[in-house]
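Work through the following exercises with the sequence and the structure in view, and try each task before reading its solution.

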Amino acid sequence: CKSEREEHIMLKFEGCTFSATGANKRDKVYGLNITGAEDVLVKDCLFDGMGYSAILNNGTGALTVEGTEFHCGNIYNPIEGSQTVDNGNVTVDGCTFTGVPGNNFISFYQVAEGSVHVIKNCKFTGATNNNIVRLSNRTSAAATFNIDDCSTMSHADKTITNTGLNNRIQF
């Protein structure tokens, strides 16, 4: 696991394994709890264990998650945005989500005015009745959400659905 701080105040986690140690999916334990205004890069990491969120984003800087694997079977919300601060730009690129989370795979609640949120090239395996992405935008901020080239696969019927989406959702 490599962790470093770059010049323009970016926290970078590369090749790390994060494991939440909660008693169950609803236990308020997190693999990575982001706070503050720094930009954060999570690259080629693994999130496992049991708890509420693999990544809880309570930060106002940009969050980029690339090439990361999430084992979601014992996690309530693998990637969860803040319900108390305006999240900055978020990019989730080339990530794999396996297992059935307790709630949503990726949740956005409170976003910054003018922010851009991108989910692309991701694979969601094991989706059942769960939301893949939840967009709440509680403050009605003007924000953009792009979802590009993601796929889902259900364990029940082994079907793959390629969204082929090039959606731009603006509030």
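**Exercise 1.** Find which ring R26 lies over, and at what distance from the ring centre.

*Solution.* In this predicted model, R26 lies over the face of Y76, at 4.3 Å from the ring centre. A second case can be set beside it: the charged end of K28 sits over the ring of Y52, 3.8 Å from its centre.

**Exercise 2.** Decide why the pair of F13 and F18 is described as edge-to-face.

*Solution.* A pair of aromatic rings is described by the distance of the centres and the angle of the planes. A search of the whole structure gives nine aromatic pairs. In one of them, the ring centres of F13 and F18 are 5.8 Å apart and the planes stand at 75 degrees, so the pair is edge-to-face, since planes over 60 degrees apart count as such. F13 is buried, at a relative accessible area of 16%, and F18 is buried as well, at 12%. The rings of F105 and F124 are also edge-to-face, because their planes stand at 70 degrees, with centres 5.3 Å apart. This pair links distant parts of the chain, as F105 belongs to strand 12 and F124 to strand 14, 19 residues apart.

Definitions and conventions: Residues are numbered from 1 along each chain as its sequence is written. This is a predicted model: local features need pLDDT of at least 70, side-chain atom pairs count only at pLDDT 80 or more; totals for chains, interfaces and linings use all residues. Side-chain values use heavy atoms; hydrogens and water are left out. Rings of Phe, Tyr and Trp (its six-membered ring) pair if their centres lie within 6.5 Å; planes under 30 degrees apart count as stacked, over 60 as edge-to-face and the rest as tilted. Buried means under 20% relative accessible area, exposed over 50%, partly exposed in between (1.4 Å probe, protein chains only). Helices (H or I, at least four residues) and strands (E, at least two) are DSSP runs, numbered from the N terminus. A charge sits over a ring if NZ of Lys or CZ of Arg is within 6 Å of the ring centre and within 35 degrees of the ring normal.
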